[in-house]
Amino acid sequence: MQSSGFMPVVRRFCRHRLAVVSLFVLLILIFMAVAAPLIAPFAPTKPTGAFSKGPTLKNILGTDQVGRDVFSRLLYAMRSSLLVGFMATVISSAIGVVLGLVSGYFGGWIDKVIMSFTDMVMSFPYILLVLVAAAIFEPGLWSIILILGFVDWPGMARLVRGNVLSLRETNFVKSDRAAGMPRRYILFSEILPNTIAPVLVNATSIFAISILDEAALSYLGMGVQPPTPSLGNMLGGAESLTILTTKPWLWLPAGVTIIVLVTCINLVGDALRDALDPRNTLR
Amino acid sequence: MLKYILKKLLLAIPVLLGITIIDFILMNLAGSPIDMMTGPKMTESVKAMRAAEWGLDQPLWRQYIGWLGEILQGNLGYSYKTFQPVSGMIVSHIAPTLLLMGSSLLLGLVIAVPAGVYSAVHRYKKRDYAMVTTSFVFSSVPSFFMALLLIYLLTVKLGLLPSSGMITPGTQGSAADVLRHLIMPMLVLGVSMAGSNIRYVRSSVLEILEMDYLRTARAKGIGRFLTINKHALRNALLPIVTMIGMQIPMLFGGAVIIEQVFSWPGLGLITMSAIMNRDFPVIMGVCLLSAVVVLIANLLTDIAYALVDPTIKY
Amino acid sequence: MADMNKPLLEVRGLRKTYPASTGSFFRRDRFAAVEDVSFTVNAGETFGIVGESGCGKSTVARLIMALEAPDSGEVLLDGQRLDNLSESRRIPLRPRFQMVFQDSGSSLNPRKTVSDILREPMLHHHVVSRKDADRRVDELLSLVGLPAAAKTRYPHEFSGGQRQRICIARALSLNPRLVILDEPVSALDVSVQAQILNLLRDLQKELGLTCVFIGHGLGAVRYVSHRIAVMYMGRIVETGDAENIFSRPAHPYTRALLDAAPVADPDRRGRKRLTLEGEAHGLLTDGCPFRDRCPYAEEACASLAPVLSPVEGDEKHLSACCRALQQEEKSC
C-alpha cells in the first residue's frame, strides 16, 4: 500500500540524519547563491586588487590572474551552476514526463515510435551528443541549459512509461474506465499523482548529473563562457601546471563546492527515494 | 536462441539508422567545415571546389544517402583535416581507448561488487551507511577534478606517475611504461563508475536477500557465507550484467573527457579535435562506431540475460 | 422487487483469445480464454459463475464491462448491444453497469480520500449536484456499513474488508442496473468474507440489484446466487438453478468441485468423493476438454465435443457432458 500523508514522508526522511544535514547544507548553499549580489564583497567580473594573490583578510579566497575576488566569483559561479542544473532538470523532466505518459498510456505505434526514439538518444554516448550540440550552438549559459535539458530526458521517459504501464493495469484505473471517466481525468487525476514520487527522485539525480555535466563542459571550454563565472570554468584555469601546483586557491574551492553540492543533492535524493517508497513503513 | 538474436539484430538496424540521421542533421546544423579553413590559399573558388569535392553543395539528404552508400561499401571517408582515411584513424586510436575502457570497467567491478555485497549484507548498520555515503561521494566528484587532484598528488607532489600520454616520449614504450601511464586515467574512470555501481549491486543483492527462497536457505541452516555466495550472488549476476551493459555508453563518454585531461591517445582525443574542427567524416565515423558498440553491448546484455535467467522466454 | 423474468444482461457466443507463448516468430499461436460463452441474467437476480483459476471467468467479466473487446460474440444490456459501440458512445451507458474487483488494495487510488473517490464519478455523470454530493457520499457509506467519518480518510487506513465496502459503494454510486463482482471476497479473511457476502445479500434485497457474482469458492457463490454457471477451460460446462446444481450436479467437473469443499456435517463425511488429478491445460484441441482429468472419460469423449444440453429433460439445467452422469453416483 502506498501511504499518502505528508507527515509520514517527512518522518521517514528525517530518519536519514546525513540527508537532513545535506538538505541543510544544500539550502545554505542555495541561499548563498541566490543572495550572491548581497553577500559577495566584490563584483564577480571586476578586478579588485593584486593579481593571483593568496587568501588575505580582504579577499578571503584570494584573487585570480586578473585580480578578481575568488570568493565573489565562487558565489556567482554557484548561481550559474545551480541555475543550469535546475533549468536543465525542469526541461528534461517535463519532456520525459510528457513522453512517458503518452507512450505508456496510449501504447501501440505511438509507444513504439517514442520508445525507439528514446532508445536512440540513450544509445548515443551522452557526452558525445552534448559535445556535438555544444559545438553547434554558441556556447553560453542558456545554450548549455537547453542542450542538457534536451539530452537528459530518456531515463525519465522510461521511468514514467514503466510506471504508467503498471498503473494502467491497476483496478482503480479499470474502475475509472468502467465508470466512463474521461481519459484526461484518468491521466492527470489518477495516474500522474501516483508517478510524482519516482519522478521527484529521478529529478534529483538529473539535477546532480546536470551540475557535473555543466562543470565538465565548461571545463572543456564549451559551456558557460568567461567572464561569467561557473564552477566548471573556474576549474578551467587549473589546466596550467603553475596554477595547479602553486595557486590551489584558484581551483580547490570550486572543485570542493561541486563535490559538496552534488553529494548533498545525491544524498537528499536517496533519502527521498526511501521516504517516498510506499513499501517503507516506519520501522 | 538464434532466432532471438536475429530478431534483436533486425530491431537494432532502424535504431542505428536513426542515430546516424540525428548525427548528420546535428552536425550540419553546426555549420560548414569550409568556414573553418583559413589561409592565404583559401580563396572563394578553392572553397567552392572543396565543397563540390566533398559533396557539401548538395542537399542534406543526398549527402546522407551518399555517406550511407559509402559506409555500406566499407568506406568511412577521409578526414577533412588530415586527409587520412577515417577507418585508419579509428583503427590506430581504438586500442588505447579499449585498453582504458576495459581496465576501468574491470576496476569498477572489482571495487563495486565486493563493496556492494558487503554493504547489503550489513544493511542498516554503520558500515553500510559509510559504504553508501562513500559511493555517493565517488559519483559526485567530477572526473576531471579527480584527475586534477591525482595529477597534483601523484605527479606534482610525489613525482610517482606521468601525467600525460601513453608512453614516455622518446622511448619504445614497454608494457610497464604503458601501465604507469594507465594507472591514473583508469583510477579516475574506475572509481567514478564504482560510485554508482556499489549502490546498484547493493540494492540488487538486498532485493534477492529478501526473497523467500533465500529465507528458506537460511532457515535450512546453510551457513551465512554459503548462502550469500551460492544462492544470492548467482541471481545478483543478472543485474550486474545489466549494469555492465548500461555502463558502456557512459564509459565511452567518460573516456572522451579523461583522454583529454591525460592526453591519452585514444578515440576521445581525435573526437574532440574533430568536433572542434568540424571534421564531419571523423565525427560521423566515431559516432557510428560508438553507436554500434552500444547496440552490441545491449544485444550482449539481452543474450546474457537469456542465458542466466531460465524464466526469460525468447 | 424487479421483474425476475425479463433478461437484463444477455451474453451470446462470447469468444476471446490471447497470444500464446508458443508458435513461430511471425505467427504466434493463440489460446482461447473464453470459448462460446452464452447466458442471460434476469433483472433482480444474481448469476454466479464458478470455476478454478484461469478458467476464463474474470475474462468474461472484463468482456461484459467492455474493458476488453471480444473476438466474437455479443453482449446486450437491456436489449442494447454494448460490444460494438465506440467507446465514446458507450461512455454515457457506463453508469448502468459497474464492477467490483477482487483486489481491493489496488482498486482505490492511494492518493485520494474516500470522499473524492466516491464523488468524482458521480459529479462527472451528473448523478448528483455538487451541493448534494456530500450527503450522497454519507448515504453510500452508511449503505455499505461504514461510518460517515470514513470519507476524509485514505484507502490505506482501512482493512481489506472495509476497502471492499468502499469499492461496492463506488460501484453503487452511479445507480447501476447491473453490478459485476469479480471474486469480491476471495482475497479476504474467512470471517470478513461472510460479512461482505451478507452485505451483498442485503443490498440485493434492498435495492433489487442485478448481479453477476464470480468466485472460485462454491460456498460463497451458492450463498448469493439464484442461478449458477460452472466454467472449465473457457467454456460453461454446466448451468442451472443454484439449488439444482448443488443437489443434482450433472457434470463430473461440478461434482469434483462440490466434493472438494469440506463438509461440516460429520454424517456425510463417509461419502465417496470425486477428486481430480492433474491440472487444467489447453492441450486438448478437440473432443471434451475435461476428458484427461475425468474419471468417467470414454473413448467417445476424445472425438465428440460436448454441447450444453438439458439434464433429465429440465430445460433450465444444462450440462455439457457426452454421457449423462450415472445414477449410481448420485446417492451421495
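Predicted model: local features only at pLDDT ≥ 70, side-chain atom pairs only at ≥ 80, totals over all residues.
Residues are numbered from 1 along each chain as its sequence is written, and chains are lettered from A and ligands numbered from 1 in the order in which they are written. The model scores ipTM 0.82 and pTM 0.79.

Chain A turns out to hold 13 helices and zero strands; helices (H or I, at least four residues) and strands (E, at least two) are DSSP runs, numbered from the N terminus. Of the 283 residues of chain A, 50% count as buried, that is, with 20 or more other C-beta atoms within 10 Å of their own, where C-beta atoms are placed from the backbone (12 or fewer is exposed, and in between is partly exposed). Two residues are in contact if their C-beta atoms, placed from the backbone, lie within 7 Å. Taking the chain A contacts between residues at least 6 apart in sequence, 67% link residues at least 24 apart.

One helix pair shows how packing looks here. Helix H4 (residues 70–106) and helix H10 (residues 183–219) of chain A pack at about 145°, with axes 8 Å apart; axes are lines fitted to C-alpha atoms over the stretch in contact, and angles run from 0 to 180 degrees between N-to-C directions. The contact involves residues including A:Ser81, A:Gly85 and A:Tyr105 of H4(A), and A:Leu187, A:Phe207 and A:Glu214 of H10(A). Its residues split into 13 nonpolar, six polar and one charged. Here Ala, Val, Leu, Ile, Met, Phe, Trp, Tyr, Cys and Pro count as nonpolar, Asp, Glu, Lys and Arg as charged, and the others, Gly among them, as polar.

H10 also turns up where chain A touches chain B, among the elements giving two or more residues to that side. This contact takes 34 residues from chain A and 38 residues from chain B. The chain A side has 26 nonpolar, six polar and two charged residues.

Over residues 325–332 of chain C, though, the pLDDT is below 50. Elsewhere, C:Val230 is in contact with residues including C:Val50, C:His251 and C:Leu257, leaving aside neighbours within four places in sequence.

Notes. pLDDT = per-residue confidence, 0-100.
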